[in-house]
Amino acid sequence: MKKINKSMTLMEIIIVIVVIGILSMAGMVGYRQTVLRARDREAQAMLRLIKHAEEVLRVEAGAYALCADTAACNATLRLNLPAPANATWLYSVPVATATNVCVQALAGPAGQGNGFSIRRNNAPGGIDQQDPVAGGCP
């Protein structure tokens, strides 16, 4: 009677491990890209929130307000943006006059990327950029 060997060879085990490794690497790359896109969308949503808060302040006080960092924006605009200590994005309003405002998000300690900005110009003939674009304020 012949004995039938039902075990896997070393070569088969190595091939299975290599295939699993390749599949997991492909999954990690896709996951990382999804996380970065989500962080970018978070910054864009927060910029729109800050812009709307600036618009409310302009109606109430007659001018936009400067805020040098996220904590100052929270206090000045009565917002609750993520704390700057471990935030993905750092928010500020470096340009604010009676008719112009530029809101920006720059990569924080836990983030990556160049940043985003929204510019608003209420002067006659002024250029108005409503949606966040890459880059910061001038």
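**Reading the fold and one residue**

Analyst: Starting at the N terminus, the elements of the protein chain follow the order α-α-β-β-β-β. Please keep in mind that this is a predicted model.

User: How many helices and strands are there in the protein chain?

Analyst: The protein chain contains two helices and four strands.

User: How does one read the radius of gyration of the protein chain?

Analyst: The value is set beside that of a compact globule, which for 138 residues would be near 14 Å; the protein chain has 25 Å.

User: What share of the residues in the protein chain is buried?

Analyst: Buried residues, those under 20% relative accessible area, make up 28% of the 138 residues. The accessible surface of the protein chain is about 8900 Å², and carbon and sulfur atoms hold 64% of that surface.

User: How many charged side chains does the protein chain have, positive and negative?

Analyst: There are 13 positive and 9 negative side chains, with the centres of the two sets 15 Å apart.

User: What is to be noted about the phi of arginine 78?

Analyst: Most residues other than glycine have a negative phi. Arginine 78 is not a glycine, yet its phi is positive, at about 55°. This residue is located in the loop between helix 2 (70–77) and strand 1 (89–96).

User: Why does arginine 78 count as exposed?

Analyst: Exposed means over 50% relative accessible area; arginine 78 counts as exposed because its relative accessibility is 57%.

Conventions
Residues are numbered from 1 along each chain as its sequence is written. This is a predicted model: local features need pLDDT of at least 70, side-chain atom pairs count only at pLDDT 80 or more; totals for chains, interfaces and linings use all residues. Side-chain values use heavy atoms; hydrogens and water are left out. The radius of gyration is taken over C-alpha atoms; the globule rule is 2.2 Å times the number of residues to the power 0.38. Buried means under 20% relative accessible area, exposed over 50%, partly exposed in between (1.4 Å probe, protein chains only). Accessible areas come from the Shrake-Rupley method with a 1.4 Å probe; for residues, only the protein chains shown count as cover. Lys and Arg count as positive and Asp and Glu as negative; His and the chain ends are not counted. The place of a charge is taken as NZ of Lys, CZ of Arg, CG of Asp or CD of Glu.
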